[in-house]
Structure formats: structure tokens, C-alpha cells
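Me: I'm new to this one. Can you walk me through how to read it?

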Amino acid sequence: MAFRKKSAKNPPVLSHEFILQNHADLVACVGMFFVLGLMFEGTAEASIVFITLQHSVPFPAAEERAPEPKFLYYYGIRDLATVFFYMLVAIIIHATIQEYVLDKINRRMQFPKPKQSRFNESGQFSAFCLVSCVWGTSILVSENCLSDPTLLWRAPPHNMMTFQMKFFYISQLAYWFHAFPELYFQRIKKQDVPRQLVYIGLHLFHIAGAYLLYLNHLGLVLLTMHYFVEFLSHICDLFYFRDDKYHKEFSLWAVVFVSGRFVTLIVSVVTVGFHLAGGQARNSDATAGNVNVLAAKIAVLSSSCTIQAYITWNLFNVQLQRWMEEDTTLQAPSVKKKRTKGRSSRKGTENGVATANRVDSPHKRKEKSS
């Protein structure tokens with residue numbers, strides 16, 4: 001199935017234009033290669049590493065009352081293969097949303113090219129943030145994190161994850177890794193690439209940090225709040241692209257944005273403080289998930305404070321830039337109106353004098369004749 005509209009002239013195979021037009025089809029073929037590997041006995045074991053979650057442990061294995069032990073997961077090197085496969089899935093979903101939703105809206109609204117790229121970016125991120133927010137909330141409810149907030153720093157066992165928790169983090173890593181090739185597939189301008197790289201790198205750094213340090217519940221709460229605020233911001237951007245007047249009506253989302261950053265800082269400080277103060281261990285053991293040391297406390301809190309400050313500063317810069325654009329657009333027509341009024345008034349006076357001379361000329365002739 002083709003996800004991109006093919007042009008009238010078919011580009012050469014494996015050329016630059018060919019890859020851009022058919023990248024979703026090519027990625028789907030690579031993904032089907034791993035799926036078909038499950039059908040053969042010789043390649044089934046290798047394909048399972050890419051498709052299913054790895055590093056599972058039955059828990060509790062010693063209890064006789066439990067008819068079927070529950071499987072918990074830890075992270076390992078084979079998770080990279082799983083992240084790679086779901087990165088391919090994210091590329092296909094990205095192309096599907098672009099072709100069947102965003103491109104149709106662009107053709108209907110007839111946005112200019114600068115607005116098209118920004119509209120596509122906001123549309124993709126709003127869909128991802130909505131799904132992640134709903135998914136993260138359902139995990140928090142199912143694991144009783146909302147009813148018992150102390151699970152944020154004392155969730156037993158501290159170095160294990162449930163299936164849905166690990167699958168959430170694998171999907172998050174896969175999505176943000178897929179954003180790197182999308183910079184090429186979506187033909188992002190060179191001046192916008194550094195901003196996108198910083199945005200993607202910050203998300204990867206913090207998601208991978210929460211995953212590797214076994215701060216799973218804390219990371220899930222912070223990500224859910226972050227994606228909720230980001231969803232509101234991108235939805236407001238979509239309305240703003242449709243009509244500029246919606247920007248003033250939806251300006252209250254900035255209050256939600258700042259309050260979301262403030263709540264994130266509070267949750268980070270409280271959770272990390274209680275989590276690291278709960279034990280007295282002095283030796284760090286990353287393989288056991290023990291981050292109960294002063295260095296880890298400083299690193300986690302400083303990272304959380306830095307990212308919140310950066311996001312808030314970026315918001316102020318974007319808001320100031322939009323206000324400046326609105327002022328320039330409002331001042332330009334007013335200047336034109338003043339110029340046209342001046343010209344019309346001059347023409348009016350000149351025409352008035354001319355008509356007056358024409359009207360007065362017969363009377364003047366009569367006076368002269370008399």
C-alpha cells in the first residue's frame with residue numbers, strides 16, 4: 001500500500017526522491033521481514049528478540065498458591081533490537097497520519113509552505129501526546145499510583161517492571177528515535193534542524209534516564225503531565241494556524257504550561273527526596289537499580305530543574321516572536337491606509353480647486369464684461 005502520492009514522473013530506483021516518496025513502503029518491507037521470520041524455525045528465535053519484550057523473570061516463583069507466576073521485566077542489551085523494530089512501526093504510523101489526515105487538511109486549507117511544516121509538526125506531536133497521555137494515565141490507574149502516591153518511591157521490587165510499564169518505555173524510546181530519520185524524510189529546513197535535535201535529544205535523555213535508573217513510576221507521572229501540557233500547546237497551535245484570532249482566545253494555555261512546569265518540579269523534588277532518603281546505602285549499584293546516593297540525587301534534580309527552565313524559556317521566546325509578528329502585521333496595513341488617505345486628500349484638494357476654477361470662470365467673465 002502506498003502512503004505517499006506518486007508524482008507523474010517516476011524517479012530512478014533508490015534515488016533521493018525515490019526514497020523520500022516511498023520511505024514508508026520500504027520501512028514496511030523491512031518490518032515484514034522480521035514478522036515473516038516467525039514462520040520459520042531457524043529464524044523464529046532471532047525474530048522474537050525484535051518483536052516481543054525481552055529479559056522477563058517469573059515473579060513470585062517460590063509461592064505455591066499462585067497457579068501462574070506473574071512475569072516482571074528488567075532492561076538489557078536485547079532491548080535495543082525491540083526498540084529498533086518499534087521504531088520502524090513508528091515511521092509507518094507517522095507516514096499514515098501524514099498522508100491520510102494532515103495532507104488532506106493542508107490541501108483543503110491551502111496553507112503556505114512555511115505554515116505547512118509547522119502545521120504538520122504540531123499535528124504529529126498532538127496525536128502522539130494524546131495517545132501517550134491516555135496510555136500513561138491508564139497505567140497509573142492500573143498500578144494504583146494515583147490512589148497510593150508512595151509507590152512513586154517504594155514500588156517493589158525496585159529493579160523490575162511490569163509488562164505494560166516496560167512496553168510504554170520501549171514505545172517512547174522507539175518514537176523519539178524515529179524522529180531522527182523523519183528529519184530527512186520530511187525535508188526539514190537546515191535552520192530548523194538544530195532546534196529539532198535539541199528537542200528530540202532532551203526527551204531521549206530523560207526517558208532513557210528514568211528507564212535505566214528504574215525510576216519508572218516517577219518518569220511515567222512526569223511524562224504524563226508533560227504530554228498533557230504539550231498536547232494543549234500543539235492543539236492551540238493548530239487552531240492558530242487555522243485562524244490568527246484563536247491565538248488570543250487560547251492564550252490561557254500559557255498559564256497551564258507554567259503551572260505544569262511548577263507541579264513537575266514539586267513532584268520531582270518530593271519523589272526523589274523520599275526515594276533516595278528511604279535507604280542508607282552508600283555504594284551505587286546500577287545493575288541492581290540502587291541509585292540511593294547523593295550523586296544520583298543531585299544529577300536527577302539538576303536535570304529536572306534544567307529541563308523545566310529550558311522549556312519555560314523556550315516558551316517565552318516563541319511567545320515574544322509571535323507578538324512581534326502580530327505587531328508587524330497590524331502596523332503594515334495601518335501605514336498603507338495612512339498613505340492612501342494622504343494621497344486621496346491631496347487628489348481631493350487638487351480636484352476641488354480645479355472644479356472651483358471651472359465653476360467660477362463664467363462669473364468672472366461676466367464681471368469682466370460688465
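**Reading the loops and the core**

Reply: Let's start with Tyr 214, which is buried, with a relative accessible area of 8%. Buried means under 20% relative accessible area, exposed over 50% and partly exposed in between, using a 1.4 Å probe and protein chains only. Keep in mind that this is a predicted model, where local features need pLDDT of at least 70, side-chain atom pairs count only at pLDDT 80 or more, and totals for chains, interfaces and linings use all residues. Residues are numbered from 1 along each chain as its sequence is written, and side-chain values use heavy atoms, leaving out hydrogens and water.

Me: Where is Tyr 214 found?

Reply: Tyr 214 sits in the loop between H7 and H8. Helices (H or I, at least four residues) and strands (E, at least two) are DSSP runs, numbered from the N terminus.

Me: How do I read phi?

Reply: Most residues other than glycine have a negative phi. Here, Tyr 214 has a positive one, near 60°. His 55 is not a glycine either, and its phi is positive at about 65°. His 55 belongs to the loop between helix H2 (41-51) and strand E1 (56-59), and it is buried, with a relative accessible area of 10%.

Me: And which residues touch the most other members of the largest nonpolar core?

Reply: A nonpolar core is a set of buried Ala, Val, Leu, Ile, Met, Phe, Trp, Tyr and Cys residues joined through side-chain atoms within 4.5 Å. In the largest one, with 47 residues, they are Tyr 169, Trp 176, Ile 207, Leu 220 and Tyr 227. H6 gives the most to this core, ten residues.
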